[in-house]
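Trainee: I have the sequence and the coordinates open. Let us go through the labels one by one and ask what each of them rests on.

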Amino acid sequence: MPVNRTRPAARRTAAALLLLGAVAYTAWVLELVIVTGLDPVRAYVSELAAADQPLGGLFRATDLVAGLLVLAGALTALTGPAGQAEPTGPAAAERRPWAVAGWAALVLFGAATALDSRLPLSCAPTGDPECAARETAGLVPATHTAHAVSSSLAMVGALAALVLLTVAARRYDRWPALARFGPPLVLAELAATLWTLAAVAAFTADRGTWALGVGQRVQVLLVALYIALLAGCLARPGTAAARTAPAAHPPPAAPGAAPARPSP
């Protein structure tokens, strides 16, 4: 039936969009081979896209692409079969609450990331003392505050998606790889987020950066890895039981037993 062909097609489309979005979201690794003038141990990832940075346009573009791809992939999964329960009798179209909530959180992450790319910092506060002083004095453009809000929304959406979709994978016995690797990724993401928040507080209080750049890069890298893992699960759906259960065969007959006869 057409609907049966649509299900895998929608899943593959969502998986491809999410995987490409995860790759674009790691564009900051280019700083390993391109001289940016920023210290990756200290600098925010978003400072690479600041308006006064020579490669700011490149990183703003990759952030926009990443956000739009993840947004499209999450919407495809949310509105298609990936966000629904498997067909089981009269409940065939029933929505799975944890999965739906997780996809909605990923939609928020994608939208906020795309918006974030349109609200760049005007300068790099961790690498420019004058920029940091202007930011403290409130003499920077309003985009700094707007950027902080959109970045916070993106990370809230990412954290919520990680938790909710991991719960969905375990609760509904779907996406075995996500059910297995999701919990450690969630815990690592929470630890990286706490590190980043503590480092931001220290920098704001003029107590150093506490390797702010490292913490935030670990944070965004884990999000990208999770989205890539999720994409792989969508491309190859299944249940843990289905992947591990042996094929059903009738039990062997006891030695000397007469063969079973069909019922009349």
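Predicted model: local features only at pLDDT ≥ 70, side-chain atom pairs only at ≥ 80, totals over all residues.

Trainee: Which residues of α5 meet which residues of α7, and what makes that a contact?

Mentor: From α5 come Met155, Ala158, Ala161, Leu162, Leu165 and Thr166, and from α7 come Gln219, Val223, Tyr226 and Leu230. They are in contact because contact means heavy atoms within 4.5 Å. By class, this contact has eight nonpolar residues, two polar and no charged.

Trainee: Why is α5 called oblique to α7?

Mentor: Helix α5 (residues 143-171) and helix α7 (residues 212-235) pack at about 40°, and their axes are 11 Å apart. That angle makes α5 oblique to α7. Under 35 degrees would count as roughly parallel, over 145 as roughly antiparallel and 65 to 115 as roughly perpendicular, and the rest is oblique. The axes are lines fitted to C-alpha atoms, for helices over the stretch in contact, with angles from 0 to 180 degrees between N-to-C directions.

Trainee: And what makes α3 and α7 oblique to each other?

Mentor: The axes of helix α3 (residues 97-117) and α7 cross at roughly 130° and come within 14 Å. By the cut-offs already given, α3 and α7 are therefore oblique to each other. Their crossing is left-handed, and the crossing of α5 and α7 is left-handed too. The word applies if the near helix is turned anticlockwise from the far one by less than a right angle; clockwise would be right-handed.

Trainee: Which residues of α3 and α7 meet there?

Mentor: Trp103, Leu106 and Phe109 in α3 meet Val223, Ile227, Leu230 and Leu234 in α7. By class, these are seven nonpolar, no polar and no charged.

Trainee: Why is Thr62 called buried?

Mentor: Its relative accessible area is 17%, so Thr62 is buried. Buried means under 20%, exposed over 50% and partly exposed in between, with a 1.4 Å probe and protein chains only. Thr62 lies in helix α2 (residues 56-79) and touches Ala24 and Ala27, residues up to four places away in sequence being left out.

Trainee: How do you know whether Val45 is buried or exposed?

Mentor: Val45 has a relative accessible area of 17%, so it is buried. Val45 sits in the loop between α1 and α2. Beyond its neighbours within four places in sequence, it is in contact with Trp28, Gln216, Arg217 and Val220. Val45 and Val220 are 175 residues apart along the chain, with 8.8 Å between their C-alpha atoms.

Trainee: Which label does Asp173 get, and why?

Mentor: Asp173 has a relative accessibility of 32%, so it counts as partly exposed. Asp206, at 71%, is exposed. Asp173 is in the loop between α5 and α6 (176-204), and Asp206 is in the loop between α6 and α7.

Trainee: What makes the phi of Asp173 worth a remark?

Mentor: Most residues other than glycine have a negative phi. Asp173 is a residue other than glycine with a positive phi, near 55°, and the phi of Asp206 is also positive, near 60°. Gly138, which follows α4, has a positive phi near 75°.

Trainee: How much of the chain counts as buried?

Mentor: Of its 264 residues, 44% count as buried.

Technical notes. Residues numbered from 1 in each chain as written. Heavy atoms only, no water. Helix = DSSP H or I, 4+ residues; strand = E, 2+ residues; numbered from the N terminus. Nonpolar A, V, L, I, M, F, W, Y, C, P; charged D, E, K, R; others polar.
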